Amino acid sequence: MPPDLRYSREHEWARVEKGRVRVGITRYAADRLTDVVYVELPAPGTRVSFMQPFGVVESVKAASDLYAPVSGTVVEVNAALRERPELVNADPYGEGWMIVVVPDDPGELDRLLSADDYARLVGEEG
Amino acid sequence: MSARDPRRDMPLIFELSTPGRLGCALPDPDVPVRPVAERVPAHLLRETPPALPEVSELDVVRHYTRLSHRNFSIDEGMYPLGSCTMKYNPKIHEDLARLPGFCRVHPYTPPEHVQGALRLMWELERLLAEISGMDRVTFHPAAGAHGELVGMLMIRAYFRSRGEARTRVIVPDSAHGTNPATAAMCGYQVVTVRSDARGNLDVGALRDAMDESVAALMLTNPNTLGLFEERILEIAEVVHSRGGQMYLDGANFNAMLGVTRPGDQGFDVMHMNLHKTFSTPHGGGGPGAGAVGVKAHLVPFLPVPTVERRGDGFVLDEDRPQSVGRVRAFYGNFANLVRAYAYIRSLGAAGLRQVAETAVLNANYLAARLREHFDVPYPRRCMHEFVLSGARQKRLYGVATRDMAKRILDYGFHAPTVYFPLIVEEAIMIEPTETESKRTLDEFAEALIAVAREARDTPDVVRTAPHTTPVRRLDEVRAARQPDLRWRPRRDEPVPGAGRDRP
């Protein structure tokens with residue numbers, strides 16, 4: 001679990017990149033979902049709100065909402081997931097990223113969990 | 001010795017086709033024949049005959065008989081399917097539903113000529129109202145999820161009639177997936193409320209979420225963990241105090257029959273799956289019957305028509321200005337109503353209570369036999385079903401719940417529901433139903449215990465199961481992404497029947 005990311009209780013990660021925030025789901029979430037077969041993502045320009053659903057990830061086992069770890073505007077969407085949703089399982093912190101958001105208030109990220117806190121949360125759930 | 005293994009390898013009926021082979025020879029017509037081209041506009045006529053299989057009667061009989069052997073049915077073995085009662089349905093109810101007076105009724109027959117059918121609906125409505133504690137019941141919805149939709153439409157119509165614009169519906173995190181889908185289809189924003197450590201709806205979280213913008217709480221009781229909502233009266237009080245409505249998903253009504261009534265627990269609307277609880281075949285896609293019961297304040301919004309008693313007879317009442325309208329052609333799946341009526345009348349009040357008591361006893365017996373072999377997320381006395389977890393087997397031996405479910409097939413049982421409810425890791429949900437004997441329950445328990453033992457001692461046997469079914473493990477990912485929904489001949493194969501003149 002990368003130590004430099006922030007994590008939501010709903011198992012999204014957020015990575016700050018030059019004032020933007022890249023968002024995906026954790027390996028723990030990807031493993032629990034099992035094989036991902038479809039990812040529904042918003043169009044660039046869409047506004048997302050802190051911990052409100054911004055998309056849906058579907059696996060052979062379940063469909064789950066994706067929650068925005070920060071409020072802001074979507075500026076990039078991982079188009080590769082349309083053809084290759086399995087990237088979420090293969091590389092959740094890399095090629096399996098989902099959206100990039102320009103945050104309204106970067107301070108909002110302080111409300112997310114650190115890697116240690118997230119590891120503890122997952123440890124309890126597991 | 002055949003080139004094919006008939007147990008594993010089965011041709012499609014299209015592949016059995018041989019040009020020119022016929023199932024039956026029809027005599028020449030003894031009335032004047034007009035060519036099809038004179039009766040059907042040219043642009044609607046086919047250029048070539050359809051690619052239908054050409055097979056003999058015996059080919060057809062063998063093909064479908066073999067197919068039926070691959071089916072698993074309640075006549076063959078136990079379905080421990082949580083949440084979807086797959087109980088035995090008395091065969092005599094099939095006879096009753098096929099009585100000519102019932103099965104030959106045409107929906108356009110004038111009501112005065114089908115008084116018996118209308119009387120059955122009228123009486124069944126009173127029986128179900130009494131059993132559920134509701135005031136009126138509609139039979140139009142074709143299944144449970146349709147019943148949810150109709151129920152929520154009535155709640156929406158109720159608030160509109162009062163000039164209230166409520167926007168949210170609360171659904172617990174253990175709910176059936178149809179509940180949030182229904183609320184969303186009715187235009188409501190869905191708010192999820194978590195379960196507490198005992199598997200109940202968290203009343204504190206409900207209080208926090210509840211305000212005057214909430215139209216309804218959609219609750220399943222007993223819930224999908226097989227647990228009775230211990231604080232149901234308090235929950236109803238919280239919802240009603242802010243003017244909200246209580247909707248009961250009645251999928252688990254089996255556990256309450258004759259013991260407690262949803263109407264007395266504070267519910268305003270509920271659907272009853274007649275095709276589970278009240279003796280109609282369930283599974284395989286219908287036909288269903290999702291009767292919906294409502295309290296008096298919602299009666300004006302019932303779908304039309306309703307069956308009413310006028311003098312000595314029965315009429316269909318279409319004149320209901322506040323109705324949500326017509327939700328299905330005609331009156332629902334009438335034959336299911338006949339079966340439900342027969343079920344209730346043949347069991348009587350005491351028999352219905354015994355259904356619930358035996359269902360709960362059977363589930364608790366199985367839970368007690370299995371609890372040391374699996375993790376038990378909510379170690380409470382259960383109702384008609386219970387949820388185990390395969391987390392231990394996954395962690396220690398790398399054997400997932402899915403593997404164990406596949407392995408159960410080799411022991412001759414249908415697999416239980418797995419990975420639901422979503423709040424339990426590696427969930428295994430078991431509902432034995434009241435119609436299984438102790439002997440069958442013991443056989444099933446021993447099979448599951450054997451699988452748990454195999455997970456520890458010979459995990460590969462479980463991970464590669466099933467070993468005895470016609471097909472082994474299908475590619476779930478490919479099935480989801482590239483569904484193969486229609487047969488078509490390979491490009492290099494001739495289409496059966498093609499090239500012949502149109503008959």
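The following paragraphs describe the interface of chain A and chain B, and then an aromatic pair in chain B. The model is predicted; local features need pLDDT of at least 70, side-chain atom pairs count only at pLDDT 80 or more, and totals for chains, interfaces and linings use all residues. Residues are numbered from 1 along each chain as its sequence is written, chains are lettered from A in the order in which they are written, and side-chain values use heavy atoms, without hydrogens and water.

Twelve residues of chain A and eight residues of chain B take part in the contact (heavy atoms within 4.5 Å). Together the two chains bury about 900 Å², 52% of it on carbon and sulfur atoms; buried area is the accessible area (1.4 Å probe) that two parts lose on being put together, summed over both. Of the area that chain B buries against chain A, 49% is supplied by Glu425(B), Val477(B) and Arg481(B), more than by any other three residues.

One salt bridge is found across this interface (a side-chain nitrogen of Lys or Arg within 4 Å of a carboxyl oxygen of Asp or Glu). It joins the side chains of Arg481(B) and Glu86(A), at 3.1 Å from N to O.

Within chain B, Tyr108(B) and Phe330(B) form an edge-to-face aromatic pair, with 5.2 Å centre to centre and 85° between the planes; rings of Phe, Tyr and Trp (its six-membered ring) pair if their centres lie within 6.5 Å, and planes under 30 degrees apart count as stacked, over 60 as edge-to-face and the rest as tilted. Tyr108(B), Phe330(B) and Tyr331(B) form one aromatic cluster.
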